[in-house]
Every structure is written in C-alpha cells, then in structure tokens.
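Hi everyone, thanks for making time for this. Let me put the structure up on the screen, and then I'll walk you through a few parts of it.

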Amino acid sequence: MHGWNGQFLRADLTKGKTLVQKYEASLAKNFLGGRGFAIKILWDELTPGTDALSPDNKLIFAAGPLTALSLPSSGKLVAAAKSPITNGYGDGNLGTLATVQMRRAGYDAIVIEGKAPKPTFLRIDDAKTELVDCRDYWGLGSFQTEKQLKKEYQTSTGVVAIGPAGENQVKYATIVSQEGRAGGRPGIGAVMGSKNLKAIAINGTKTIPTKNPDDLKKLGLEAYREILKKPNYDFWKRQGTMATIEWSQENSVLPTYNYREGVFDQSDQIGGFLMEKLKVAQRGCPLCNMTCGNVVKDIDNKQSELDYENVAMLGSDIGLGNLKKIAALNRLADDYGVDTISLGNTIGFAMEASEKNLVDYKIEWGDYETARSLVDEIVYKRGKVGAMLAEGVRYVSERLGKGASRWAMHVKGLEMSAYDCHTTPGMALSFATSSVGAHHKDAWIISWEVKTGRETYGEAKVDKIIELQQLRGGVFECLTTCRLPWIEVGFELDWYPKFLKAATGQDISMNNLRTIADRVFNLTRAFWVREYGDHWSRKMDTPPARWFDQPLTKGPMKGSKLDRTQYDAMLQLYYNRRGWDARGIPTKKTLTRLGLQEAVHELSKSVQLTA
Ligand code: PTT
Ligand code: SF4
C-alpha cells in the first residue's frame, strides 16, 4: 500500500495488551481514512446500546492518506467514539504532532478498547508500545501533562491528553494537544477518561510509504507557495477565525444571551481587531503555513489561544464583553479539557434559568466571577449545580421542566455552535443534520446563505448543504487534513486528487471522493438510527424551538424568526435528495447504491427499512 501504512495499533487496556492489525486495501478504498475509518470500526464492532462511558466503547484516533505528509495543513487527527452526550456517533478533529508521530510510527489509526485498572498512558515508539502507570499525572491539567511527558521523553514527542474534565467524565470533555488544540466536542475526552487513559505519547521514526515521493515533494512545495500568494492570506494570518466576530455581528448571527439575539452591544470589545492589539504570539498545527492560533494574554496575564467559537460562546452568548476575561475562561477550558462551545452554551442556559427564577442559584448575564467559579464546579462536578451542568443542556432542561427545553440550544443533545439561526434556515438545517449533533463543521452554509438570500427555504440551499457535507464533513475529515486552506484562502480543491495520485498512485477524482463521503455520511446516519431504534424520528433533525417561537428583539433583523412549516418542507426535500425516507432513515436502495448492503441487513434488526 502507498499513502496508507496499512495497519492500526490496537490497545486493550483491560488486558494490558497491544496488537498491530493489518487491514484490507478495500477499507482504504471505500472509507479512505479519518472519520471513514472511525465510523466503519464503530459500526462493525460496537454492540448497539453500549454505554458510551463503559469499557465496551471504543476510542479511535484516525488519520488519512494525506495526513502528516509534507502538504499544506496536513497535521490533523480525528478522535472518535460513541458519544456520551448524544448517544450517537461522535468525533472531533484536532491539529497535533501526535498525528504526525502516529503516521511515522507506522499506524493509520489507534483503537483503544477496555479500561485500564489504574490511570495509565500509552507510550508508542514505532513498534514498541507500553502501557505506563501514571497515577502521578491524574489530576493534572492538559498543559502540564503534555509538558511533563515531553520532558520525560523528547520535545518532539506527540501528545494527546485529557485534563480533569475528561477524568471526571464531564459529558462535553475534549482531548487536548499543544496547549490550544482541542477536539472531540461530543465528550470524546470523557470516553478517554472512562478508560483511565490520561494520555498517549508517540514517537515515530519511519518514512510514510508513498508512491512518488519526488512528485509529492514538488507538489507540496508548489502548494505551500500557492497558499502564500492568496489575496486573503495576510488578513487570515492577522485574525484567523476571529474575523468572524465582526462578520457575525454585522449579519445578526452572533449568538447572544443564549441565542435570544443575533447582535451583541459590546461586540467591538471581543472582536478580531481588538484581538490583534492584544496578540502576543501565533501558534498552529504541524505542517501548516497559515497558522491561525492567535495567542493573547488573559486577565491573569497568562497565554490563551483564541478562536471565533470560543470567544462567541464564552463572550456574547453569556453577555460577557471583555476579551481578556473571555480569554481566561478559554484558557481554563483548554487546560481542563472541556469544550468551549458546550461550556459557554451551558453557562448561558444557567444564566437564563437564573433570570427566569427557575433555579435556586443566582448568576447574571456577563457575571465573570460567578461564571469562572461555575467552570470549576462543572469540571469537578462540585455540588448539585456543577454535577447537573456537567451533563449538558439537554439533560438540565429535561430535569428543570417548566418549558426549559424550548430554549435549550442543542440538536440531538450536542450544544449548538456559535451561529444564531433565527434568520438563517439553511444553517439551522445544517446544524440539524450534522453527523455529530449541532456542529457547524459538516456544512458551514451560513456565509453563502447570507450572500445569496437568507429568507429562502428552497432546493438550492438543500443542495448546497449536501455539497458542503460531502466536502467538509466527508472529504477533509477522511483525507485527514485541515479544510481551512480551501475555505479561508481559496486553495483550490483540485490539488487534492493530485496529492492523492502522488501519495497513493491511484486516480481518486473529486467525484470518487464525494461518493466515499456519501458512504461515510450514510453509515454514520445508520449508526445513529441503530442506536436509537424505534425512538428515532424526524424530530431528531429539528433545531431548537426558540428559533421558531421567539423572534429577535434587536438589530437589523428585529422581528425575524424561522418558519416551522417551511423548515419541515425543506427537511423533506433534504431527505428526498439524500435518498432517505420520511423518518430520515436511508432506504435500502440508498444503502445498496453506496455499497453498504451489509448495513441493510444489520439495520433491519433495529428498524423497519423502506425499500
Ligand atoms: C471544533 C470546535 C471548534 S471549531 C472550536 S474553534 W473553530 C472550538 N475550539 C475549542 C478549543 O480551542 N478549546 C476547547 N477547549 N474547546 C474548543 N471547542 C471548539 O471545538 C481548530 C481549527 C478550527 S478553529 C476549525 S473551525 C477548523 N476545524 C476543522 C475540522 O473540524 N476538520 C478539519 N478537517 N479541519 C479543521 N480545521 C480547523 O481547525 P471539534 P484545532 Mg478542534 C482550542 O474539535 O470537536 O471538531 O470541534 O482542533 O486543532 O484546535 O483546530 O472557529
Ligand atoms: Fe491548524 Fe489553522 Fe493551520 Fe488549519 S489553518 S492547520 S487550524 S493552524
């Protein structure tokens, strides 16, 4: 095999054993890598109904055929498992040296099974592996864990780790690397904690096998140069994703006061231009020449790396208009290993519940000190409030009752990322149909939608969402490389088949890649349906009631809200285009067309399938 190493490393923590598993070339051909490998393994190996935090869940770190090659922004890694917050498929994508070292150690994925009897980390040096007792590390933040491991091994050791949030199995704990790269929003860090696995530390010394190394080197150099020439490059380097704060405010989609509004009156206090003035360093993922990790000093004079999502969710969404204070909350989230989006969303929910006098604690909008202590309470599950909020907004709203579910901002249990959708039905549908719950990663249609007409609910939007789900959620998650060169500076998609040809020797066209993406997307949907069985319905693909019921009260879009009938018609159009039935379940014909015949048989055990 070229491009792929052709093998996974499996670690059974219960038995204390590791094993190298060669896989068939057909797996690479049909599922490519990254998310494709992850869903195939979970589909094949997980018994439906497995408790996500039990030893039976599997935690997968997967790369693709372009990962870690000398190509733009190829230092990415998919971390996946059955999610404890949604009980469906969950994954995240983080930039980390660990993915480079994993591929150089000879593995395309690491599959973690079982549960270690005591806190453990997995050490990998090429073929040599060791499960190491790390009781001394338990309780440390993710930053200190990585620092100590690098000190013990080498500075070039790739590390992925959890902090106390993962150890305490907070339902939206993430996995962290390099003090500012975090992935696995749907609680993948909690799955790692449930396995008593504190970290993985990897060194690899091999050359990743490629078909035409000379072609690849030449193409890589050309591609890096091409990115430098792009007109938006300089502004991207200045602001990265932070430029989105201004854009969201201008377009009334900046989540504010728990998604009640799309504009924030202190937005200039949290935006990209202010960030530029505070910036002290720039960091990024390995093998990237458009590094976008903007580091500022927070209110405690400590370094914190900011992105749009973090700032919107820990800023405007909770009514906090102070970037240095937001940066402190963000740094804590990274060190503790908890997702900033779900954290901000949950704190916003708690503030609204307090405002409505539904709870016996008091926390006002923008109250930094109380929000900061709430972060500790959540991460350590301290007291009734901390323990409850650690379960996420779906759980809390159901516990509270009194109509709280109507303003609990999630889809399928995963908290909404940072776009208010009162006026953007396409983005609402994108959240509702994403592979992991309410995440913008599969189809960020909102900028196209705002440009082309936000008020429509028609076919064009449905087609655009499917196209984006293929490219972002499919192609980039499977390749596995960063999608931002394409999205943010316009690095052309036709580079990728050329990279694949040089790496693998195979002609894999964009059309082939889209078919793989559809296969992966449909198998992911089948996984969700298999988990939910008869409880699955099209209601699962519906955004929160707030956007339909409570119009915006401020800004240029004041008075606007989503229309339920039109949304439902658009959802049906989406199902038709996908080849799914009225419940949102792939038909036998669709699964068969995508070569997933075996899924027809398996899924029929859980639900009646439409022909
Ligand atoms: C991603 C989600 C995002 S998406 C952000 S900011 W973004 C938040 N980042 C968090 C963080 O930081 N710390 C933390 N404790 N929680 C966080 N939660 C949020 O998680 C990230 C970049 C970004 S910045 C984006 S858009 C792109 N995402 C990519 C993707 O998903 N796939 C891909 N092939 N390429 C991507 N490139 C970009 O990567 P999740 P990172 Mg992230 C600190 O994890 O679960 O996927 O959710 O990985 O290395 O930090 O890079 O405005
Ligand atoms: Fe990482 Fe940003 Fe580079 Fe993407 S563009 S690889 S997120 S540093």
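I'll begin with the ligand and then turn to salt bridges.

A quick word on sources: this is a predicted model, where local features need pLDDT of at least 70, side-chain atom pairs count only at pLDDT 80 or more, and totals for chains, interfaces and linings use all residues. Residues are numbered from 1 along each chain as its sequence is written, chains are lettered from A and ligands numbered from 1 in the order in which they are written, and side-chain values use heavy atoms, with hydrogens and water left out.

So, what surrounds ligand 1? There are 31 residues around ligand 1, the closest being Gly 95, Ala 182, Asp 334, Asp 339 and Glu 477; a residue is near if one of its heavy atoms lies within 4 Å. Strand β5 gives the largest share of that shell, 4 residues. Strands here are DSSP runs of E, at least two residues, and helices runs of H or I, at least four, numbered from the N terminus.

Now the salt bridges, meaning a side-chain nitrogen of Lys or Arg within 4 Å of a carboxyl oxygen of Asp or Glu. The count comes to 47. In one of them, Lys 171 pairs with Glu 391, with the closest N and O atoms 2.5 Å apart. These two sit in loops, 220 residues apart. Are they buried or exposed? Both Lys 171 and Glu 391 are buried, which means under 20% relative accessible area (1.4 Å probe, protein chains only).

Finally, Glu 477 comes back: Arg 35, Asp 91, Lys 441, Asp 442 and Glu 477 are linked in a salt-bridge network.

Notes: Buried means under 20% relative accessible area, exposed over 50%, partly exposed in between (1.4 Å probe, protein chains only).
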